[in-house]
Structure formats: C-alpha cells, structure tokens
Amino acid sequence: MSRLSVSLLMALLALASAPTLAQPWTSARPDGHAPIGVMGDHIHEAREAMFSYRFMQMDMAGSRVGTDPVDDANVVAPGGQNFVITPTEMPMTMHMLGAMVAPVDRVTLMAMVPFVQMRMEHQTRAGGEFTTESSGLGDVKVSTLIKLAEFGRNRAHVALGASLPTGSIEQADVTPASAPNESQLPYPMQIGSGTVDVLPSVTYLGQSDRFGWGVQGSGVVRLGENSRGYTLGNRGEATGWASVLISETLSGSVRLTGSAWDNISGQDPVYGAAVAMRMVPTVFPELRAGERLDLGVGVNAVLPLNGLRVAAEAAVPVYQRLSGPQLETDLVLTVGAQYALDF
C-alpha cells in the first residue's frame, strides 16, 4: 500500500475515534451499510442472507504521465512519446451479482460474480481511428468476514478472500494491423488476472444518533504467474466515509479513497513485436502502475418493502499519478440494490 493510502487511512481512523453513545450499532438504518462502492463493509447476524446487484461505470479518457496530462497528439508524435497508436478513451461497465450468508453470528460468507464490458477508442499517428471491444465473465471473488469486536456503537471485522481466475486473459478483436483476423488485445482490455489473488481487508464502523462513519483498508495480492507469463501488479486501498441521516429512510454520504497499484511483472510473449515497434503504450508492462485519490458522494435508501435497499455513488479523482502514458480516470459511478432476509 502506498504512503498516500496509509496516510489517508490513519487520518480517517483518527477522525473515527470520536466518542459515541453506548447504544448498539445497527444495520437497519439507511447508513447501516457503507456507500455502495464499498465491498465487504458489513457482516450479518446468524441465519441472515443478503443478495445484491451492482452496476458500475468507469469512464477513462486522455493520457497522463506522472501527474501531468498529455495530449493524444503528443503520445504519437515522433518528438513526443513516439508511439504509433494511442488509446484516447475507455469506458468500462460491470454488472456484479453478490451474495452474503451468515451461518453463525460472527462469520459471514460472501461471493461476487462480475460480468465486464470494455471498449477502447484509438488514434494512430497517421490520423486514423479504430475501436476494440471485450466482454465476458470476470474473476469470481469469495471471502469470509469475521467479527473482531463490538463496543457501544462501534464494530470491527476482518475479511480474507480469494479472487479466482475465471476471467479471460486472451480476449481478442480485429485491429487495422490484424484485419480481417482478430489479434489479442493489450493488458487493460483483458477481463481477468489469470492468477489466484488473495483479498485481505479490515473494516471499522461507527454510529451516533444522526451520523455514521467507517474506514476500510484492503489489498489484492497476486499469487504466481498466469498462463501467459505475467503477473498483474499488487494493489492497496484505503477508504473512509461519513454519512448523515436525512430521514428515517434516506442518508447521504461523502467518501475519500486512496488507491495504489504496481506495474505488471513479466510480459506476455504475444506483445513482444508490438513492444519492439513501440506500437501502443498499453502493451508495455512497465506503464501500468499508478496512484489515485477519489472523492465520492452517495445516497442510501431503505424502501418500504422489508429488507430492500437501493443506493448510488459517484466518485471523481482529485489526484492521479500514473506510470504512463496511461489513460486517466474521469468518473466512477455505482448504483445498486440489496435485499436481506432471514432463513
């Protein structure tokens, strides 16, 4: 985890240490769940289950080197970054189905199944444009959440999970160089990691009569090398949020998220010629690392139908530093519904 993420987490933990009234923490309030963009934010009581659906849209456009934006023309200019092709934008959508089940009070089991769709627009040095697309089942994630402590209106839990390599790492599409045949798409257009990844996290939650808050630190640790000869970079994230009750059924939230990820280790041999020809930045494993600080605003609502919630959150980066040229993020939008029941 980067120094940026660690500093953010420590600051949020300090803010969250304010005293609260000695009443039980409850998930029944609208802010009893974190903003919808946070995964594994809460646990359930024994014999409770929750099913969820999330729709996530991430918009990326324009390149960045370090903290500086770089024009598309500069990326392909011989006197600039000197690539033959540059990506110009990449919208990504994800549909995620989730389930949480608590066999006993202190343990909750969680699974998430994503379906991913991506499109990347390109510009060539000669002025041409083309589009590539990929879609399919992503990497399925399973986790066990364990309650650590509950005191007054505060509680904490840890999670340990795994991301399974169910997503494709051989997505292909037609490009001007390969037409009429398909060729394997660069790293950002692949849907999975190709490795089993460990997913640790720790979460703290607190409430007062009108306000709620929480912090979470999480990571993605890649194990081994995938079948294409490379390993995606490890990832660390620290997020913290504060919420306010607007009514008995509606709450609003603000959230800060610091994230950092490493470059790719190794290289898929299929990209060797493209790297040698300096074809496009997205095939260079050393141009994939970065850091980002996002500011998000969200709403959570409890509907009259017992156990049903809906929520939305929009986040924009306030800081980005990328090993580039690499497409920068402009917006992350998440909307979803959650339904809880006893069994």
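## Model confidence

pLDDT is the predictor's confidence in each residue, on a scale from 0 to 100. This model is predicted. Its average pLDDT is 94. A score of at least 70 is reached by 93% of the residues.

One stretch needs care. Over residues 12-21, pLDDT stays under 50. For that stretch the model has 14 contacts beyond four places in sequence.

Side chains of opposite charge can pair when their charged atoms come close. Here the count comes to 13 salt bridges.

One of them joins Glu-328 and Arg-64. Their closest N and O atoms are 2.6 Å apart. The pair links distant parts of the chain. Glu-328 sits in strand E17, residues 308-342. Arg-64 sits in strand E1, residues 48-66. The two partners are 264 residues apart. Both Glu-328 and Arg-64 are buried.

Glu-121 is at 18%. Buried means under 20%, so Glu-121 counts as buried.

Arg-228 pairs with Glu-170, with 3.5 Å between N and O. Both residues lie in loops. Arg-228 is in the loop between strand E11 (211-223) and strand E12 (230-231). Glu-170 is in the loop between strand E7 (154-163) and strand E8 (172-174). Glu-170 has 47% relative accessibility, so it counts as partly exposed.

## A salt-bridge network

Some salt bridges share partners. Which residues do they join into one network? The members are Glu-45, Lys-147, Glu-150 and Arg-155.

## A nonpolar surface patch

Val-254, Leu-295, Val-297, Val-316, Val-318 and Tyr-319 form a nonpolar patch on the surface. Together they have about 460 Å² of accessible area.

Two strands, E16 (290-302) and E17, each supply at least two residues of the patch. E17 gives the largest share, 3 residues. Val-316 is a patch member, and it lies in E17. Its relative accessibility is 38%. Exposed means over 50% and buried under 20%, so Val-316 counts as partly exposed.

Conventions
Residues numbered from 1 in each chain as written. Predicted model: local features only at pLDDT ≥ 70, side-chain atom pairs only at ≥ 80, totals over all residues. Heavy atoms only, no water. Salt bridge = Lys/Arg side-chain N within 4 Å of Asp/Glu carboxyl O. Helix = DSSP H or I, 4+ residues; strand = E, 2+ residues; numbered from the N terminus. Buried < 20%, exposed > 50% of the residue type's maximum accessible area, 1.4 Å probe, protein only. Contact = heavy atoms within 4.5 Å. Patch = residues over 30% accessible without salt bridge, like charges linked within 9 Å, V, L, I, M, F, W, Y side chains within 5 Å. Areas by Shrake-Rupley, 256 points an atom, 1.4 Å probe, with all protein chains shown as cover.
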